[in-house]
Amino acid sequence: MRKRSVSPNPKPSKEQLTLFANVKKVGTKTTCFFNNKGGVGKTTLVANLAAELALSFQAKVLVVDADPQCNLTQYVLPEDLTNEIYSSDNPDSIYSVIRPLSLGKGYESDLPIRKSQDFGFDIIIGDPRLALQEDLLAGDWRDAKGGGMRGIRTTFVFAELVRRAKELKYDFVFFDMGPSLGAINRAVLLAMDFFVVPMSIDVFSLWAIRNIGTTVTIWQKELETGCSLAEDPGEISELSPKGKLAFLGYVTQQHKERAGYDEEISEDTGEQVKIRRRVQAYESIGATFPEKVSNSLGSMFVNNDMNAHLGDIRHLGSLAPMSQTQHVPMISVRGTGSYTRLRKQARELYRGIALRYLENLGD
Ligand SMILES: Nc1ncnc2c1ncn2[C@@H]1O[C@H](COP(=O)(O)OP(=O)(O)OP(=O)(O)O)[C@@H](O)[C@H]1O
Ligand SMILES: [Mg+2]
């Protein structure tokens with residue numbers, strides 16, 4: 001028999017629930033979690049933040065795995081189910097949403113939505129075949145920029161997915177994305193209301209956010225030009241993002257740093273001692289982040305006064321791999337002893353990120 005997951009209590013306070021209720025009133029909010037740098041914790045953040053909103057706030061959340069690596073799908077679904085799904089010839093997945101377009105058949109009528117067991121949200125699973133559609137989307141992008149309807153339709157494939165999710169009254173639609181500035185990610189970014197950038201505390205992440213800001217702005221302008229030249233402006237007006245994509249904040253993570261200490265031989269005693277230098281080095285790079293993020297993405301801030309730093313994800317020990325093997329969010333990992341403490345830390349962490357995310361949405 002399956003052991004029950006640990007309950008993700010304590011419940012949010014009355015004020016926190018009111019904050020959520022106010023955001024809920026606005027309707028479906030679409031957010032992608034993006035950084036073209038790999039391994040910065042995007043998938044882990046998407047799954048655990050979506051779970052926190054779904055399990056603690058009772059939000060209706062749809063998560064779309066738009067990364068051909070399918071890590072989110074593997075994390076969220078039980079292993080036997082993932083094996084069964086991917087052993088079938090043509091599983092219902094994100095690929096089923098795009099495939100009809102490449103055959104010239106227009107948009108797919110139903111979204112291939114599944115329920116996750118323990119994360120509390122719905123999911124459109126990933127598909128390695130999505131990588132095959134990069135070429136289609138790249139070719140159609142050239143067409144779209146010149147106003148070609150076929151190209152515009154393909155570029156808006158995720159905008160159409162979002163339109164249907166809105167009809168299904170989701171509070172949030174989250175997209176997990178692979179680490180690239182390729183054609184799939186361009187189509188996702190152009191369909192979103194908001195984006196969040198998970199980043200590690202290093203200069204590479206700072207370069208990455210500079211890229212994101214400039215690249216997205218160029219894409220938006222090119223798409224606007226394409227739409228203004230379109231043969232059938234009526235068809236696109238509903239889907240057109242009209243350059244609305246806004247930056248909602250960033251999450252730093254230093255989970256790769258285990259203890260955060262360097263070791264050195266003491267000059268006085270000749271013994272090995274632990275020093276905090278590594279932590280200090282992180283802190284000094286981290287201290288420059290607010291200004292650097294604001295310089296790179298300030299023009300896309302959802303609100304000039306917002307606190308863009310949604311949270312700092314510290315190392316949660318074996319809770320992360322444990323949650324992967326159990327296919328449950330970190331707040332629901334089964335286990336006693338140190339897991340009780342780690343679960344509590346995870347709950348505080350993801351609750352804090354959820355609240356700042358809701359605050360920035362509410363502004
Ligand atoms: N808070 C955490 N504590 C410990 N380990 C973590 C934490 N968050 C993420 N990890 C680990 O870091 C690794 C990378 O995380 P993840 O897969 O979420 O990154 P990603 O940005 O989605 O990667 P990719 O660019 O390949 O999609 C994973 O093995 C994950 O288990
Ligand atoms: Mg990932």
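**Ground rules**

I'm working with a predicted model, where local features need pLDDT of at least 70, side-chain atom pairs count only at pLDDT 80 or more, and totals for chains, interfaces and linings use all residues. Residues are numbered from 1 along each chain as its sequence is written, chains are lettered from A and ligands numbered from 1 in the order in which they are written, and side-chain values use heavy atoms, with hydrogens and water left out.

**Entry 1: salt bridges**

I started with the charged pairs. The structure holds 11 salt bridges. To count, a side-chain nitrogen of Lys or Arg must be within 4 Å of a carboxyl oxygen of Asp or Glu.

I looked up Lys-37 and Asp-202, whose side chains form a salt bridge at 3.9 Å, N to O. This pair ties together distant parts of the chain, 165 residues apart. Lys-37 sits in the loop between strand S1 (29-33) and helix H2 (42-57), while Asp-202 sits in the loop between strand S6 (194-200) and helix H10 (203-229). A note on those labels: helices (H or I, at least four residues) and strands (E, at least two) are DSSP runs, numbered from the N terminus.

Next I checked how covered these residues are. Buried means under 20% relative accessible area, exposed means over 50%, and partly exposed is in between (1.4 Å probe, protein chains only). Lys-37 is partly exposed at 23%, and Asp-202 is buried at 17%.

Then I went to Arg-129, which forms a salt bridge with Asp-127, with 2.8 Å between the closest N and O atoms. Arg-129 has a relative accessible area of 21%, so I put it down as partly exposed. Asp-127 is buried, at 2%.

I found Glu-167 and Arg-163 in a salt bridge at 2.9 Å, N to O. They are about one helical turn apart, because they are four residues apart in helix H8 (residues 157-167). Glu-167 is exposed at 53%, whereas Arg-163 is partly exposed at 25%. Salt bridges with shared partners join Glu-160, Arg-163, Arg-164 and Glu-167 into one network.

**Entry 2: around ligand 1**

Which residues come nearest to ligand 1? Of the 17 residues around ligand 1, they are Gly-39, Lys-42, Thr-43, Thr-44 and Gln-324. Being near takes a heavy atom within 4 Å.

A polar backbone atom of Gly-39 is 2.8 Å from one, and a backbone N or O atom of Val-40 is 2.9 Å from one. In the side chain of Gln-324, an N or O atom is 2.6 Å from an oxygen atom of ligand 1. Taken alone, ligand 1 exposes 630 Å², and the protein buries 81% of that. These areas come from the Shrake-Rupley method with a 1.4 Å probe.

H2 and helix H13 (319-326) each give at least two residues to the shell. H2 gives the most, with three residues. I sorted the shell into five nonpolar, nine polar and three charged residues. Here Ala, Val, Leu, Ile, Met, Phe, Trp, Tyr, Cys and Pro count as nonpolar, Asp, Glu, Lys and Arg as charged, and the others, Gly among them, as polar.

**Entry 3: a nonpolar patch**

Last, I looked at Val-203, Phe-204 and Trp-207, which make a nonpolar surface patch of about 320 Å². Patch residues have over 30% relative accessible area and no salt bridge, with nonpolar side chains (Val, Leu, Ile, Met, Phe, Trp, Tyr) joined within 5 Å and like charges within 9 Å. Trp-207 lies in helix H10, and Trp-207 is partly exposed at 48%.

Definitions and conventions
Polar contact = N/O pair within 3.5 Å; in protein donor to acceptor, adjacent residues only side chain to side chain.
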